[in-house]
Structures are given as structure tokens and as C-alpha cells.
Amino acid sequence: MNKEQKKQSVRKLWEMCFDDPKEFVDLFFDEIYGDEQNVSIEKDGEIICSAQCIPDRMHFSKYYMSIGYIYGVCTHPDHRGKGLATKLLETANSKLRYEGRYLSIVVPESEHLFDYYASRGFATCFYQNLIKEPKGQSQYCYDGLNVAINLISSDGLFNFYESLQQQKTCSLIHIKDYFDIVIKDFKQSGGKICGGLAPDTEILAIAFLEEDKAIKQATIKECLGKQNTDTALYRLLKEKYEKEDWSIVWKRETDKSDKEAIPYGMARIINTEKMLTIWAEEHPEFMKVISIDDDAISPENNGTFLLAGGLCSRCNVRSNVERYRIVDLTHKILTEHSASIALMFD
């Protein structure tokens, strides 16, 4: 089939597998989908298994890593249970490795999929917790902060988001074109962007908020701010909605040490040598040998690596070796750096 026929077949499968609004599907296939980032399996002239490998980037210490967001993994109901999705993940990771990417990321749609992806080398590295305080009570304050809703320009929004993410040790930072599409989708679906502003109108925090009028509940999907102004903005929004007899929930980013942590996203190293190279550069004091031998999906990752003097190289050393599964090495490196993702298609 030609590219347009393939695109329409992928869309048909998408609509069969996902219950997304037509407006979102139109946006995705008009502005995100590309034949060059699609991986799929075809049978009898139809796409029966498909995924998108969306290019993105992650800030890691002083480096930028190119990564791939594996999104929209779906299999035709008549062909499930045959290992097609696993084969597709192998193809996707090989494709991303060939493109020079370090990591792949997934945001599982449901709880049981965390086990599925974990068995294929993905580590849970990103967490949220749900903050829902009693009406009229909050542990947060908001001195000197005001709220403006949907009054921030696209460029101003991206610049603020990028500057905040760059301050973190390890964080996903969308390229601007992709960021703009995420924002377009958010607004198109009725989401509100709330800015926490200083008296001089400087942006101090932004919240991405959705309203469910049926149950009178507002949900903050993301809240980003300078020096705890994210909590101040949450407190302001809480008071605003409670005056209208609404409740408010904040899906706040956290880490595994939080006893209320809920798994959110997963990552997988797809090029061990490249990932270990920047880890070694960051830690010139390292003198260690690391071995990976369990990666059946991306066997190129297997091997023994010497990290010394800020460099990484393959080696044949057999003593004093630190042995890792690919999932454990991914988890160790990313959680050591408090890895963060925000504003994902999920």
C-alpha cells in the first residue's frame, strides 16, 4: 500500500482500538502522524498492529539526549495474543536505536500494562500522586500571586516551560513544534491553562486544568512553578473552585519514595553504550565494569562495559563485574537523577 493508504489503515485500526474524540484523532493524524515514525505490521492489505515513534528530547545533567516516545500501540482484536505487539516493540526500539536515540518512553494506558512493558525491559521511572485536600483546608499559601486563565501567549508559555524543565537534573523537554501541538490538543478538548502571575505580571507558575461539569470536579493535570509557586497556584485555584462548590484534584509529580506514589510513565535504554557514555562523563570518578546480558528485544544492548576516567568502552573483563538487567540499569540511572516528564499525550 502507498503512504496515504497506510495512513488511513493505521487510522482505522486506531479508531477501532481507542475511544478518542474525532477532534483529537483528526489533530493527531494531521499534525503528528508521519510515515517515517510509524511502525506497523500488515496482513492481507490491512494494518493489524501499529505504534508511533514520536521523536523528542530529554535534558540529562548538562546533556541533551534524543529519545523516542512510543505512543498509540494497538493490535487488531482478531490478532491479539499472538506476540505482535512484542514484535512491534522490537522493531520500534531498533528503529529508534538506528536513529541515534538513547531512550524510549511509554505512558501505559492502564495498570496491567505496567507489568507487560516491564517484562519487555521498561522501568517505571515516573510517578504522580493525587492531592485532594478537604474543602476549606490546605497546607499551602499564595502570598503575592494572582491567577490569569488562558492569557499567556504560546511563545511565553513554551519559554517558561522550557526554562523550568532545564533547571531539573533530568527532564523531558518537548521541541517547540510538538509542544505547540500538545497545547492545541489540550485547549481543543476544553482544557484551561492557568498562569500564576506576580504583581508585575511575570509568570511564576502554570497549571493545565480540566473540568468535569457532571461531577463538578477540576483536575490539574500538570502544575509547574518556580520555587514552590506551583503549590501557591494550586491553593489559589482550590479556593476559586470551592467558592463555586467544586472539588479539585492535583495530579502532582513525585517519586517512588512517596508512599502515595502512583506509577505514571516508563523508560527503556535502547542504546546501552551511549547511555553509559554520558553517565561516565558525568562521573569521571567511576571505575566500574557493568554487564548486560538479558536484553532479548534489543540484543545490541548486551555486553560488558568499562566506565573509567569519564569514558565508556566495551571490554572483556570478567571479574568485579556489576551485572544488571536492562530494566534495572534504566531505573538506576534515571531515578538517580529524579527523571521528570510533563505534558505528554496520554
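Setting aside neighbours within four places in sequence, Asn 38 touches Lys 6, Val 10, Tyr 33, Ser 50, Ala 51 and Gln 52, where contact means heavy atoms within 4.5 Å. This is a predicted model, in which local features need pLDDT of at least 70 and side-chain atom pairs count only at pLDDT 80 or more, while totals for chains, interfaces and linings use all residues. Residues are numbered from 1 along each chain as its sequence is written, and side-chain values use heavy atoms, with hydrogens and water left out.

Asn 38 sits in strand β1 (residues 38–43); strands (E, at least two residues) and helices (H or I, at least four) are DSSP runs numbered from the N terminus. Asn 38 counts as buried because its relative accessibility is 6%, with buried meaning under 20% relative accessible area, exposed over 50%, and partly exposed in between (1.4 Å probe, protein chains only). Its side chain makes a polar contact of 3.4 Å with the side chain of Lys 6, and another of 3.5 Å with that of Gln 52. Such a contact is a pair of N or O atoms within 3.5 Å; within protein, one must be able to donate a hydrogen and the other to accept it, and residues adjacent in sequence count only if both atoms are side-chain atoms.

Val 107 belongs to the loop between β4 (103–106) and α4 (112–118). Val 107 is buried too, because its relative accessibility comes to 16%. Beyond four places in sequence, the contacts of Val 107 are Tyr 69, Tyr 264, Gly 265, Ile 341, Met 344 and Asp 346. Tyr 69 is 38 residues away from Val 107 in sequence, yet their C-alpha atoms are 8.7 Å apart.

Two loop residues have a positive phi without being glycines. For Ser 61, in the loop between β2 (46–60) and β3 (63–75), the angle is about 55°. Ser 61 is partly exposed, at 25% relative accessible area. For Asp 245, phi is about 65°, and the loop in question runs between α7 (229–243) and β11.

Then there is the second largest pocket, with about 630 Å³ of space. Its lining has 28 residues, with Lys 168, Glu 253, Thr 254, Ser 338 and Ser 340 nearest the centre. On a 1 Å grid over the protein atoms alone, a pocket is an open set of points where a 1.4 Å probe fits, with protein on both sides within 12 Å along at least five of seven lines; lining residues have an atom within 4 Å of a point. At least two lining residues come from each of β5 (123–131), β10 (217–225), β11 (247–254) and α9 (326–336).

Key:
Points joined across faces, edges and corners; volume = space filled by probe spheres on them.
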